[in-house]
Amino acid sequence: PQTGRLALYLLGLRATCPASEPHRSLVTWLKYHLEEDWTGSRRHGRPLTSYYQYGLGVLALCVHKKRVREEVTRRLLVAQHHGRLRHSGTAVDTEAMVALALTCLERRRLVGARLAAEIQAATHEVSRSMAEAQGPDGIIGNIYSTPWALQLFLAQGMCHTEPVYSRAMAALLENLDTFGTAATIAQVLPVLHSHSYLDIASMPCGEEPDTLTPMAMEPLAEVPGNKMVRLVVECAQPWCFELQLYDQRVSVPAAASLLDVLQAATTQEPHFTFDTQDTAQGPYLTQVLGLEARQQKRNYWQLLSAPSTPLLKSVADYIPHDEETLILRLSEW
């Protein structure tokens, strides 16, 4: 189901202050995808996509003033209560997104009084746990999940002078250069202006100036020379006969990304294969050497800089340095 993609489109459409309401069929399709998404719970106990996308879908419907069935809301409350939102090493972005969706339903009075009280208790617990999980550097989860935590704090009225808020904001300002894609910029930009996605619902569109003007983009300067990158593929699953499946040095241009390294490896070694899937955050690695990462099997391709530093960028955005060792590891979440 295209839950997350359609939800982002509807949120973006509302944020542009359209002259008329979006066509009903878009909202109807989102409702359909939410129901299709949840069919996975009958076998796997979770949405076919993810709780993050499911929460994003509920948030988009709420921003467009559309009610959801009480069962939908309770699905998210139960998942939060039983700790089912934790995956891939960090729960911050998923828990924050679900909490934002629930907060929207409660604030816009799209749920009954009893359910609203349950939502308040659950979302404040999420906010409290995020504050306790803040690292000494101010980051909550990782640098990309920190904006979601801040959006939740803003939605719940946290004062900007609160230490947890000010430390997290300082961390964002120190790492703004890491937000280089449209999707990551969309996460951090509202926070820099003290807003959350919930504020889209109450935007004063009559006061919105037309500032969408094209920006001249200068081409990036070419970096001369080549670099050597060591590429290692590992399978950390019990059904793999051996841990290390591939280990080769690959020569690429000095400005090459990890995606370029993978493409160069296919030319250097014909048996080396990989596939990616386009997402809002950039290409997502889905298959290497014929081994597929499947959500139903709870596995994914973990990207590491040796020996164990996770890469927080997509394969298209990460630029390895000369003589760096990169590990692609099929892991469980």
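## Surface and overall composition

The chain exposes about 17700 Å², and carbon and sulfur atoms supply 53% of that area; accessible areas come from the Shrake-Rupley method with a 1.4 Å probe, and for residues only the protein chains shown count as cover. This is a predicted model, in which local features need pLDDT of at least 70 and side-chain atom pairs count only at pLDDT 80 or more, whereas totals for chains, interfaces and linings use all residues. Residues are numbered from 1 along each chain as its sequence is written, and side-chain values use heavy atoms, with hydrogens and water left out.

The chain has 11 helices and eight strands. Helices (H or I, at least four residues) and strands (E, at least two) are DSSP runs, numbered from the N terminus. Of the 333 residues, 47% count as buried, where buried means under 20% relative accessible area, exposed over 50%, and partly exposed in between (1.4 Å probe, protein chains only). Among contacts (heavy atoms within 4.5 Å) between residues at least 6 apart in sequence, 63% join residues at least 24 apart.

## The disulfide

The model contains one disulfide, defined as a pair of cysteine sulfur atoms within 2.5 Å. The bond joins cysteine 62 to cysteine 104, with an S to S distance of 2.0 Å. Cysteine 62 belongs to helix α4 (residues 51-63) and cysteine 104 to helix α6 (residues 92-107), so the pair ties together parts that are 42 residues apart in sequence.

The torsion about the S-S bond of cysteine 62 and cysteine 104 is about -95°, and the disulfide is therefore left-handed. Both cysteine 62 and cysteine 104 are buried. Cysteine 159, by contrast, is partly exposed, with a relative accessible area of 41%.

## Nonpolar cores

A nonpolar core is a set of buried Ala, Val, Leu, Ile, Met, Phe, Trp, Tyr and Cys residues joined through side-chain atoms within 4.5 Å. The largest such core has 66 residues, and those with the most contacts inside it are Val58, Leu59, Met130 and Leu150. A second, separate core of 28 residues includes Val261, Phe272, Leu291 and Val315. In soluble globular proteins, nonpolar side chains tend to be buried together.

Leucine 59 touches Met97, Leu100, Ala101, Cys104, Tyr197 and Leu198, not counting residues up to four places away in sequence. Its partner Cys104 in this list is also one of the two cysteines of the disulfide.

Leucine 77 lies in helix α5 (residues 70-81) and is buried, with a relative accessible area of 9%. Apart from neighbours within four places in sequence, leucine 77 is in contact with Leu102, Leu115, Glu118, Ile119 and Ala122. Leucine 77 and alanine 122 are 45 residues apart in sequence and 7.2 Å apart in space, C-alpha to C-alpha.

Glutamate 106 is found in helix α6 and counts as buried at 15% relative accessibility. With neighbours within four places in sequence left aside, the contacts of glutamate 106 are Val111, Ala116, Ile119 and Gln120.

## An antiparallel sheet and its helix

Three strands form an open sheet in the order β3-β4-β5, with antiparallel pairing. Two strands pair if DSSP finds at least two bridges between them. The edge strands, each pairing on one side only, are β3 (274-279) and β5 (291-292).

Six bridges join β3 to strand β4 (residues 282-288). The bridge partner of phenylalanine 274 in β4 is valine 288. Helix α11 (residues 258-268) lies across β3 and β4 and runs at about 150° to β3; axes are lines fitted to C-alpha atoms, for helices over the stretch in contact, and angles run from 0 to 180 degrees between N-to-C directions.

## Backbone features in loops

Most residues other than glycine have a negative phi, and most peptide bonds are trans. Arginine 109, in the loop between α6 and α7 (113-132), has a positive phi near 55°. Arginine 109 is exposed, with a relative accessible area of 70%.

Leucine 289 also has a positive phi, of about 55°, although it is not a glycine. Leucine 289 is placed in the loop between β4 and β5 and is partly exposed, with a relative accessible area of 24%. The peptide bond from alanine 306 to proline 307 is cis, with omega near 5°, and proline 307 is found in the loop between β6 (299-305) and β7 (309-310).
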